[in-house]
Amino acid sequence: MIKGLGRTGLAVVLALASFGPARAGDAQAAAPITNQITWSVYDAAPFMMTEGPDRDAGIFDRIRGLLSARLTGYIHSTLTVPFPRIVTSLKNGEEWCFVGGVRTPEREAFAVFSRPVAMFYPLRVVIHVPQRARFAGLEPLSLRGLLSEHRDLRTSMLRNRAMAPAVDALLRQYPPGQTHSEFGEAFRMLLNDRLDYLVEFSSIAAYNARQLGRPDAFLGLPFAEGPEPVFARVMCAGTPWGREVVARIDAVLAEERPGPAYRGIVEAWTAPEDLPRIRAVYDDFLASD
């Protein structure tokens, strides 16, 4: 549902407290409000958190708060909807933006993308720990092998999701038998052995395990096609309005991304064992466009 302007105002205050006052170069600060940005979100912890004690504390939530504070001249509202609805609305040219989109050729036909705002990394085959011996017998693990040669192993994918080109291509070539619209749904099925594995980022798996009260329930296994870091971006409708918004977002990101506060956002919720990987590629993240 659309959240009230009171909450939006709170997000702005929190973002300003974290990142300091608006820059003197923000000439639009005194400009009249002329447009609205609808920020679409769904529950995808730890990147987006729409409920509970960690509400709005996700990586993309904090980036959205920062951008809302800096993008003056717009009314900002937030709409919680399933991800397939986000894609459909952008295709229809609605004046929506989404923090966390992965740029793909298909999506570039209807959306415009900012420079990277964060990263997804590392990607793993996630299993229920009691299934460890079963998957050890399949090593060295290959996603192509799992999808094509072991169709008896059940998996599911989030509808309309993009993770990495090579992985997405395999999932299109060998589509899983099930799809889901919420991460929590998939991890509950994995915990209850209604799925055998998921292809998922380790931070998402770790957070959902904690939410289920079983922090050690899942194990992430590397696989042959595991990609390099995948950069997430702001994705807006591919219209003149969207291109203008993204141009302003890129200007904000150019100032904010090199600073320690922004680095803290990118690293938030990262498992300690994954921090060296994230930090090793941060310079590449800054240099990317």
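Predicted model: local features only at pLDDT ≥ 70, side-chain atom pairs only at ≥ 80, totals over all residues.
Contact here means heavy atoms within 4.5 Å.

The protein chain has 12 helices and 11 strands. Of its 289 residues, 53% are buried. Take the contacts in the chain with a separation of 6 or more: 77% of them are between residues 24 or more positions apart.

**The core and Phe60**

Which residues touch the most other members of the largest nonpolar core? They are Phe60, Ile63 and Tyr197, in a core of 90 residues. Strand 11, residues 230-237, gives the most to this core, with seven residues. As general background, nonpolar side chains in soluble globular proteins tend to be buried together.

Phe60 is worth a look in the viewer. Skip its neighbours within four places in sequence, and Phe60 is still in contact with Phe47, Met48, Val99, Gly100, Ala118, Phe120 and Ala232.

**Helix 2 against helix 10**

Helix 2 covers residues 59-70, and helix 10 covers residues 260-267. The two pack at an angle of about 150°, and their axes are 8 Å apart. As for handedness, the crossing of helix 2 and helix 10 is left-handed. From helix 2 come Ile59, Arg62, Ile63 and Leu66, which meet Tyr262, Gly264, Ile265 and Val266 of helix 10. Sorted by class, that contact has six nonpolar residues, one polar and one charged. Ile63, then, turns up both in this helix pair and among the residues with the most partners in the core.

**One disulfide**

The structure holds one disulfide. It joins Cys97 to Cys236, with an S to S distance of 2.0 Å. Both Cys97 and Cys236 are buried. Why is the disulfide right-handed? Because the torsion about the S-S bond of Cys97 and Cys236 is about 110°. Cys97 lies in strand 3 and Cys236 in strand 11, so the pair ties together parts that are 139 residues apart in sequence.

Most residues other than glycine have a negative phi, and most peptide bonds are trans. Here are some spots in this model that go the other way.

| Site | Feature | Value |
|---|---|---|
| Tyr121 to Pro122 | cis peptide bond | omega near -10° |
| Glu139 to Pro140 | cis peptide bond | omega near 0° |
| Asp193 | positive phi | near 60° |
| Trp269 | positive phi | about 75° |

Where do these sit? Pro122 is in the loop between strand 5 (118-120) and strand 6 (123-128). Pro140 is in the loop between helix 4 (132-136) and helix 5 (143-149). Asp193 belongs to the loop between helix 7 (183-191) and strand 9 (198-201), and Trp269 to the loop between helix 10 and helix 11 (275-280).

Asp193 is partly exposed because its relative accessible area is 34%, a value that falls between the cut-offs of 20% and 50%. Trp269 is also partly exposed, with a relative accessible area of 30%.

**Ala109**

Last stop: is Ala109 buried or exposed? Ala109 is exposed, because its relative accessible area of 70% is over the 50% cut-off. Ala109 is found in the loop between strand 3 (96-101) and strand 4 (111-113). Lys91 is 18 residues away from Ala109 along the chain, and the C-alpha atoms of the two are separated by 8.4 Å.

Conventions. Residues numbered from 1 in each chain as written. Heavy atoms only, no water. Core = buried A, V, L, I, M, F, W, Y, C linked by side-chain atoms within 4.5 Å. Buried < 20%, exposed > 50% of the residue type's maximum accessible area, 1.4 Å probe, protein only. Helix = DSSP H or I, 4+ residues; strand = E, 2+ residues; numbered from the N terminus. Axes fitted to C-alpha atoms, helices over the stretch in contact; angles between N-to-C directions. Left-handed = near helix turned anticlockwise from the far one by under 90°. Nonpolar A, V, L, I, M, F, W, Y, C, P; charged D, E, K, R; others polar. Disulfide = S-S within 2.5 Å.
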